[in-house]
Amino acid sequence: IKAMQSGDSRSAVKCIAILVSLFTLVYAYGAYAINKYSARSAKALEVSLLQGNIPQEAKWASTFRAKIKQIYFNLTRESAKADADLIIWPETAYPDYFSGQDRFAFGELMGLSRQVQKPLLFGVVLEEQGKYFNTAAFIPVDLSQVNFYKKIHLVPFGEYLPLRQYLPFLVKFVPIEDFDAGKELVVFEAKNKQSEPVAFGVLICFEDTIS
């Protein structure tokens, strides 16, 4: 019995040592990563991040679209007072499909950018020739054009159904329509307080874990 108890004690000590070692390694890497990537660049942008806290069940309800726009438009006007270099909305924040032929949506958002005199980066579902993309749209402060980054790495079972053509029964369990994946990375550009151009890219959702 004593031998068994002694063996159990050694096993417990080993387990604790392994856990402490793993925790130390994770902590050390986290500290290293924060120190490496959090250094402020001489050409940094100050940004305002907006979150409207829209309930998921209301996000695509047609009766709530006007309210969602009002919320984000008001937040944009309010955040512009802080004089950030760039105003950012969340992923798919715009409550409707966005089309290159939808001049009203372009005009509505470009008018907002003109009003606050700030560039806007916002999430939207972009429709092009019958295909739908989870997209980050950027309106520069000079209103030259709306630029898009289409999400490349989609979430399986969330944004598309893998092997849909081979396993059609999965549709019963995951009744979603597929998004299409973007094909290329896009670099946007905004100016900082010193009027220096700052280039930046966008990662949507879990893309920041694999890029």
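The legends below describe close-up views of a predicted model.

Residues are numbered from 1 along each chain as its sequence is written, and side-chain values rest on heavy atoms, with hydrogens and water left out. Because the model is predicted, local features need pLDDT of at least 70 and side-chain atom pairs count only at pLDDT 80 or more, whereas totals for chains, interfaces and linings use all residues.

**Figure 1. Overall composition of the protein chain.**
The protein chain holds four helices and eight strands. Helices (H or I, at least four residues) and strands (E, at least two) are DSSP runs numbered from the N terminus. In order from the N terminus, the elements read α-β-α-α-β-β-α-β-β-β-β-β. Of the 211 residues in the chain, 34% are buried. Here buried means under 20% relative accessible area, exposed means over 50%, and partly exposed lies in between (1.4 Å probe, protein chains only).

**Figure 2. The salt-bridge network of E46, D85 and K193.**
A salt bridge is a side-chain nitrogen of Lys or Arg within 4 Å of a carboxyl oxygen of Asp or Glu, and by this rule the model has seven salt bridges. Three residues, E46, D85 and K193, are linked in a network of such contacts. Between K193 and E46, the closest N and O atoms are 3.3 Å apart. K193 lies in the loop between strand 7 (188–191) and strand 8 (197–200), and E46 in the loop between helix 1 (2–37) and strand 1 (47–49), so this pair ties together parts that are 147 residues apart in sequence. K193 also forms a salt bridge with D85, with the closest N and O atoms 3.1 Å apart. D85 belongs to the loop between helix 3 and strand 2 (86–88), so its pairing with K193 ties together parts that are 108 residues apart in sequence. The relative accessible area is 38% for K193, which is partly exposed, and 37% for E46, which is likewise partly exposed. D85, by contrast, is buried, at 7%.

**Figure 3. The salt bridge between E108 and K69.**
The side chains of E108 and K69 meet in a salt bridge, with an N to O distance of 3.4 Å. E108 lies in helix 4 (residues 103–116) and K69 in helix 3 (residues 65–80), so the pair ties together parts that are 39 residues apart in sequence. K69 has a relative accessibility of 18% and counts as buried.

**Figure 4. A nonpolar surface patch.**
I18, L19, L22 and L25 form a nonpolar patch on the surface, and their accessible area together is about 430 Å². Patches are made of residues with over 30% relative accessible area and no salt bridge; like charges are joined within 9 Å, and nonpolar side chains (Val, Leu, Ile, Met, Phe, Trp, Tyr) within 5 Å. Accessible areas come from the Shrake-Rupley method with a 1.4 Å probe, and for residues only the protein chains shown count as cover. L19 counts as exposed, with 57% relative accessibility.

**Figure 5. The largest pocket.**
The largest pocket has a volume of about 390 Å³. Of its 16 lining residues, W60, Y97, V125, E177 and F179 are the closest to its centre. Helix 2 (56–59) and strand 5 (131–139) are the elements that give two or more residues to this lining. By class, the lining has seven nonpolar, four polar and five charged residues. On a 1 Å grid over the protein atoms alone, a pocket is an open set of points where a 1.4 Å probe fits, with protein on both sides within 12 Å along at least five of seven lines; lining residues have an atom within 4 Å of a point. Grid points are joined across faces, edges and corners, and a volume is the space filled by probe spheres set on the points. Ala, Val, Leu, Ile, Met, Phe, Trp, Tyr, Cys and Pro count as nonpolar, Asp, Glu, Lys and Arg as charged, and the others, Gly among them, as polar.

**Figure 6. The second largest pocket.**
The second largest pocket holds about 310 Å³ of space. Among the 17 residues that line this pocket, the closest to its centre are P119, V141, A190, K191 and N192. Strand 7 gives the most to the lining, with three residues. The lining divides into six nonpolar, four polar and seven charged residues.

Most residues other than glycine have a negative phi. D83, although not a glycine, has a positive phi of about 60°. D83 is placed in the loop between helix 3 and strand 2 and is partly exposed, with a relative accessible area of 38%. S195, also a residue other than glycine, has a positive phi near 65°. S195 lies in the loop between strand 7 and strand 8 and is exposed, at 51% relative accessible area.
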